[in-house]
Amino acid sequence: MACERFTREIAVAIFWAANPMACTYTTLLTLPENVSVPHASEQRTPSKRLMTVEADADIQRTLGFWLNRQPGFKWAGGFNRGEDVLPALQRRPTEMLLVNRLLPGASQLLDALKARFPDLPVFTYGIYEESDQIFVSVSGVEAGYLLRRPSA
């Protein structure tokens, strides 16, 4: 029944630091098309404006839905393509940006963001079908070590 209601189950990992690697991850169910993301203006408490860069519309909507439910944050929208980000941020600034690290041109976008908006907190994230793929995707696995999540 859940498979009929939700399109996919995905693991979302936000990478806070590269060395040493710091990552937070969770499992999300993508939302059906008929579920709308509440506008940030519907929140009552002051929050930091956060935007996302994600090519997949279902994932973009799902991220917005859950980010709006995090205390202290409001999802102010997203971009489907990296090349749209820089011009749009000139017109409509944000206080934090999440960028899919597997987006084509993501590393060039991150370099350009750092150069043009040095004080803007920008974090990368990844979308994975299974949470173990998060750890396999981290460099160094080929060198013989593997990061594991702690047992509960």
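Mentor: Happy to! One term before we start: two strands count as paired if DSSP finds at least two bridges between them. Keep in mind, too, that this is a predicted model. With that term in hand, look at β3 and β5, which run parallel and are joined by four bridges. Within that pairing, L50 has M96 of β5 as its bridge partner. Now widen the view: the two strands belong to an open, six-stranded sheet with mixed pairing, ordered β2-β1-β6-β5-β3-β4. Its edges are β2 (21-29) and β4, each of which pairs on one side only. On average, neighbouring strands are turned by 25° against each other, ignoring direction.

Next, the helices. α2 lies across β1 (9-18), β2, β3, β4, β5 and β6 (122-128), and runs at about 165° to β4. α4 also packs on the sheet, where it touches β3, β5 and β6, its direction making about 160° with that of β5.

Between these elements sits the largest nonpolar core, with 16 residues; V53, F79, V85, L89, L97 and L113 are those with the most contacts inside it. Two or more residues each come from β3 (48-53), β4 (73-79), α3 (85-91), β5 (96-100) and α4 (106-116), with α3 giving the largest share, four residues. Take L113 as an example: beyond its neighbours within four places in sequence, L113 contacts V85, L86, L89, L97, V99, P118 and V122. A second, separate core of 14 residues includes I10, I59, W75 and Y125.

The N68 side chain reaches the backbone nitrogen of W75 at 2.6 Å, and N68 counts as buried because its relative accessibility is 9%, under the 20% cut-off.

How values were computed:
Residues are numbered from 1 along each chain as its sequence is written. This is a predicted model: local features need pLDDT of at least 70, side-chain atom pairs count only at pLDDT 80 or more; totals for chains, interfaces and linings use all residues. Side-chain values use heavy atoms; hydrogens and water are left out. A nonpolar core is a set of buried Ala, Val, Leu, Ile, Met, Phe, Trp, Tyr and Cys residues joined through side-chain atoms within 4.5 Å. Buried means under 20% relative accessible area, exposed over 50%, partly exposed in between (1.4 Å probe, protein chains only). Contact means heavy atoms within 4.5 Å. A polar contact is a pair of N or O atoms within 3.5 Å; within protein, one must be able to donate a hydrogen and the other to accept it, and residues adjacent in sequence count only if both atoms are side-chain atoms. Axes are lines fitted to C-alpha atoms, for helices over the stretch in contact, and angles run from 0 to 180 degrees between N-to-C directions.
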